[in-house]
Amino acid sequence: MITGERHIFSYLSNLWFIWIIIGFIAFYFVFIRPILIKRGRINWFLKEVESLRKREIISDEQFLEICNLYLVKKRISDKRRTPIQVMQIIGCILMGVGFILFMASNWGKISDLIQIGLFVFLTFLTLSAGYYLSKDSNKTFISNSLIFISTILLGVTILLTGQTYHISMDSNWILSNWILLLIWAGSIIPVYIIFRLNTVYYLASLLFFIMQFYLPFYTHANFLLCPFIYPAIVFLLLFPLSKGAPAEKNANSVALILSLAFFRYTPGEIFLALIIIAGFLVYFLYEKKEKYLIFSSISALLFSLKLFRIGNLIYYDGLFGFKLEIILIISAIVFLILFILAYRKKSSTSLAVNMAGFLTFFIAFINNFNLILSLFLSVFLYLVSILHRNWKEYFSKIYKVYSFILALISLYFLSFANSMVEVEKFEANFLVYFYVLLGCCLFLFAFNLAKKKFSKEAKYEIPLLILFTFTGLALVYLFKFKLLNVILINLSLLSFSLSLIFYGYEETNLLLYNFGVGIFTLFIVTQYFNYFWSMLNRSLFFMIGGLFLLLCGFFLERKRSLLIKRKKGEQ
Amino acid sequence: MNNKKGFWLIIILWAMIIFIFIFLNEYTLRQGKTILLKTEPIDPRDLLRGDYVFLQYEINTIDLKTVEVISPLKEEDIEEEDIIYIGLIRDGEFYKPLSLSKAVPETKNGVIYIRGKVVWKTGNVIDVTYGIENYYVPEGKGREIEKFVGKGLSVEVKVDKYGFSKISKLYLEEKYP
């Protein structure tokens with residue numbers, strides 16, 4: 001099942017920065033965008049209400065009532081802060097600055113216990129002040145701020161105590177950084193429960209998230225406990241606590257997925273992923289919200305990318321007594337469940353992510369990124385997309401997009417003459433997978449034909465389908481006729497790009513048209529270099545190539561302008 | 001639960017956490033026996049807690065051939081992740097390893113037992129950590145101590161009757177009394 005060869009997907013999972021980019025994108029969509037949209041809407045609404053108040057259409061009381069309804073703490077503009085309040089604020093700031101300066105200049109002279117005592121005192125003082133001010137409904141903001149500051153001061157006290165007693169940061173020791181963070185985060189959870197401050201919840205979530213990076217992950221003895229601490233905290237503590245606050249759950253879901261992306265080469269990694277997938281699925285079944293299914297699918301994709309990098313499976317084979325076959329069966333069951341749920345919920349996002357995960361799994365299962373099998377897989381996926389034609393539009397499109405991408409990758413790499421390997425050189429299982437896939441394709445084709453699923457698009461797609469299948473068959477059965485194979489592959493790729501261009505033009509679909517042009521250019525440039533580099537004089541090589549591309553570009557640009565005009569005309 | 005009860009609950013919880021935390025550390029420092037260990041500094045930085053010196057002690061690496069493995073424990077039974085107790089005996093200024101066991105034996109003949117965890121085993125040699133490998137210093141001071149790399153430092157450690165240890169002082173060699 002395993003080869004030492006690395007293929008494109010193994011590099012993909014090594015690109016750690018991709019996870020960071022995914023993280024940022026997810027962070028933007030989950031947190032920033034909703035806030036911006038919500039804030040924008042509320043600001044517009046408040047401006048309207050304010051203008052109504054100024055025109056005396058509504059009274060001050062009604063204005064405040066509306067603001068309260070939308071949880072906006074708004075003051076009537078003529079009720080500004082009194083000079084006394086300003087004095088109090090300045091007084092607080094001056095006291096704080098004075099305290100910091102005093103500490104900075106005398107810190108070394110103060111004994112350790114007094115240092116800790118000072119912070120303990122400050123923590124309790126801030127918490128008490130926050131609590132007493134919370135009784136006055138006009139001082140909610142300042143009381144909330146003080147309570148939040150007290151939770152930070154508690155952390156400072158704990159970390160200072162750790163520093164004072166030189167507590168080891170070596171995660172082999174029970175009392176190390178992770179336990180300090182766990183104590184800190186755990187101690188502020190009651191503050192959230194009692195005062196319901198979202199800021200405290202987010203602080204605790206962040207601390208738990210950071211905590212896991214300090215966990216002693218790398219040892220076998222800790223395997224049974226450590227990897228599961230963070231998912232257990234999120235699913236059993238943070239999720240139930242955030243009842244009715246989707247943003248809080250979203251934040252922790254993203255954090256969980258990020259943690260899954262960052263933890264690598266650890267013995268418990270595979271089980272950690274399964275726990276996270278299962279956790280999200282339980283919440284999906286319980287709350288019936290699509291987002292949990294999507295989170296579960298994303299976790300499965302990451303799991304798949306990590307697990308099925310070529311070479312990585314050797315690492316898991318026999319780990320904790322698990323045979324490779326069992327790991328593959330578990331993975332297949334995971335994907336089966338996710339696909340069933342995506343269909344039941346009719347979640348196209350989940351299906352799209354599942355497909356990416358499944359393809360990674362498939363590639364690992366067939367042992368390598370076999371270009372001939374992936375060509376047949378693309379034909380198979382196309383037929384599956386036809387099967388969905390009248391069922392749900394997006395489902396059909398998802399299968400088709402994956403089919404196109406797979407066909408493009410397979411044909412492009414096959415078009416290099418030296419990539420054609422004789423079939424005998426493939427592994428023994430190759431023909432088994434090949435016949436199974438071919439059988440599935442034929443069955444689906446016959447089924448689609450019988451059910452009259454092929455529509456008008458098929459006039460471009462069916463010839464392509466037949467050409468691809470024939471190319472694939474020639475590669476397997478006629479591999480000795482190399483020239484024939486080269487012609488067939490190049491013809492397939494050329495037909496693929498040209499049919500996209502024509503179909504895009506006919507349907508006035510600029511995206512498809514441009515995509516086709518892109519493939520066409522790639523094809524021409526690659527093949528030109530491939531076949532003429534060694535045959536022609538260098539200057540002649542570039543001149544002829546350049547001229548050909550210019551002429552092609554001129555022709556295609558004319559067609560594109562016509563297409564845009566047509567599109568405008570249609571509108 | 002109303003806010004008043006909740007507030008007092010938080011106060012009690014926080015006070016208990018801080019108290020237990022300080023008590024456990026102070027217990028070792030106040031009740032423990034004093035030993036002096038030879039060490040060498042390396043200077044990394046803890047993102048959470050500022051400058052610290054990483055200390056590599058002579059007793060971090062133990063050759064099982066040079067210490068007595070107290071029965072019923074056998075040399076081959078020692079595995080990574082095991083909690084062990086190293087018997088230390090004074091040899092000149094410093095303490096050196098004498099014996100090794102899995103349970104804490106009673107202190108006798110001046111032998112002090114320190115609790116450690118096996119992190120690595122290669123043949124007869126084991127790497128052990130004791131939780132005293134970090135020494136936190138004021139900001140920037142780490143660089144000053146780092147100058148002693150290769151020259152060696154001495155650390156005064158308190159070891160309580162359960163084998164738990166805590167650093168009480170760090171001596172730059174020339175300043176050692």
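Modeller: A salt bridge here is a side-chain nitrogen of Lys or Arg within 4 Å of a carboxyl oxygen of Asp or Glu. By that rule A:Glu50 and A:Arg53 form a salt bridge, because their closest N and O atoms are 3.2 Å apart. Both residues lie in helix α2 of chain A (residues 16–54), three residues apart, about one turn of the helix. Over all chains the structure holds seven salt bridges. The model is a predicted one, and every value below is computed from it.

By class, the contact of α8(A) with α9(A) has eleven nonpolar residues, two polar and no charged.

Helix α10 of chain A (residues 246–262) also packs with α8(A): the two axes come within 11 Å and cross at roughly 10°. That makes α8(A) roughly parallel to α10(A). On the α8(A) side, the residues include A:Asn198, A:Tyr202 and A:Phe213, along with A:Tyr201, A:Ser205, A:Phe209 and A:Gln212. Among their partners in α10(A) are A:Ala247, A:Glu248, A:Ala251, A:Asn252 and A:Phe262. The contact of α8(A) with α10(A) divides into nine nonpolar, five polar and one charged residues.

Helix α9(A) has a further neighbour in α7(A), whose axis comes within 12 Å of the α9(A) axis and crosses at roughly 10°. That makes α7(A) roughly parallel to α9(A). Here A:Trp178, A:Leu182, A:Ile189, A:Tyr192 and A:Ile193 in α7(A) meet A:Ile229, A:Ile233, A:Leu237, A:Leu238 and A:Leu241 in α9(A). The contact of α7(A) with α9(A) consists of ten nonpolar residues, with no polar and no charged ones.

Helix α7(A) leads on to the partner chain. The contact between the chains takes 40 residues from chain A and 38 residues from chain B. Together chain A and chain B bury about 3,700 Å², of which 70% is on carbon and sulfur atoms. The elements of chain A that give two or more residues to the side touching chain B are α5 (112–133), α6 (140–164) and α7 (177–195). The largest share of that side, ten residues, comes from α7(A). By class, the side of chain A that touches chain B has 24 nonpolar, 15 polar and one charged residues. Across this interface the rule finds zero salt bridges, while four residue pairs, both at pLDDT 80 or more, are in polar contact.

Conventions: Residues numbered from 1 in each chain as written. Chains lettered and ligands numbered in written order. Heavy atoms only, no water. Contact = heavy atoms within 4.5 Å. Buried area = accessible area lost by both parts, 1.4 Å probe. Polar contact = N/O pair within 3.5 Å; in protein donor to acceptor, adjacent residues only side chain to side chain. Helix = DSSP H or I, 4+ residues; strand = E, 2+ residues; numbered from the N terminus. Nonpolar A, V, L, I, M, F, W, Y, C, P; charged D, E, K, R; others polar. Axes fitted to C-alpha atoms, helices over the stretch in contact; angles between N-to-C directions. Parallel < 35°, antiparallel > 145°, perpendicular 65-115°, else oblique.
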